[in-house]
Amino acid sequence: DSEKQTDDARTLQKDNLVEQATELLVRFEFHKVRIHLSLSQENGAARPVANFTMDCLKAEFVKKTLNTVVDLKLKDISVVFMDFLDDRARSIPMVTSKGGSANQELLSMRYTETEISAFDLGTSKQAVLKKLEVDFASMVVTFHQEAVIDLLQLSNRIQSQIEVIAAKTEV
């Protein structure tokens, strides 16, 4: 009779995830990240080249006795190219996304891994040990020919300058 009570207690612990001990909990959030890339001109002024914005990146890792859950959510991302070769400095959206409603994310991922010991293998025929769920909302990526060429030229120019600096420091 005490053996049955022990088995019942184990089954209750396995079925009730709330009673699992949390071994590790890691959370981090970036509410807003903005990166502005600019180019120095000969007169010392900075001319904008590109703006990168990311809104609300959240990650959470929870390791419990019988399962591990990793959540990742990204609300919004955008990349705007500023045509630095054009005197008008027009802005060209390269990547735009809006999760839609206030509660919807651009990207939502959940990875769940459950220990095999959490299942009663005699009754859990549809048990899933590892599961990855991904939900991706709409995102627009624009490959503007002039903007892509300008960015490639800029990256080549920066690479050349880095090589010159590296050569000077080796001497």
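User: How many residues are in the largest nonpolar core, and which have the most contacts inside it?

Analyst: Keep in mind that this is a predicted model. To read a core, look for buried nonpolar residues joined through side-chain atoms within 4.5 Å. Here the largest such core has 15 residues. Val-49, Leu-74, Phe-81, Ile-92, Met-94 and Ala-147 have the most contacts inside it.

User: What does Phe-81 touch?

Analyst: Leave out residues up to four places away in sequence. Phe-81 then touches Val-49, Ala-50, Ile-92, Met-94, Ala-147 and Leu-151, and also Arg-90, Ser-91 and Asp-150.

User: Now the sheet. How many bridges join β1 to β2?

Analyst: In a regular strand, side chains alternate between the two faces of the sheet. For pairing, follow the bridges. β1 (residues 22-40) runs antiparallel to β2, with 17 bridges. Ser-40 stands opposite Ala-46.

User: Where does the pairing go from β2?

Analyst: To β3, antiparallel, over 13 bridges. Val-62 faces Val-69 there. A hairpin of 2 residues links β2 and β3. Next, β3 joins β4 through 4 antiparallel bridges, with Val-80 opposite Pro-93. β4 also pairs antiparallel with β7 (residues 139-141) through 3 bridges. Thr-96 has Val-140 as its bridge partner in β7.

Note on methods
Residues are numbered from 1 along each chain as its sequence is written. This is a predicted model: local features need pLDDT of at least 70, side-chain atom pairs count only at pLDDT 80 or more; totals for chains, interfaces and linings use all residues. Side-chain values use heavy atoms; hydrogens and water are left out. Buried means under 20% relative accessible area, exposed over 50%, partly exposed in between (1.4 Å probe, protein chains only). Contact means heavy atoms within 4.5 Å. Two strands pair if DSSP finds at least two bridges between them.
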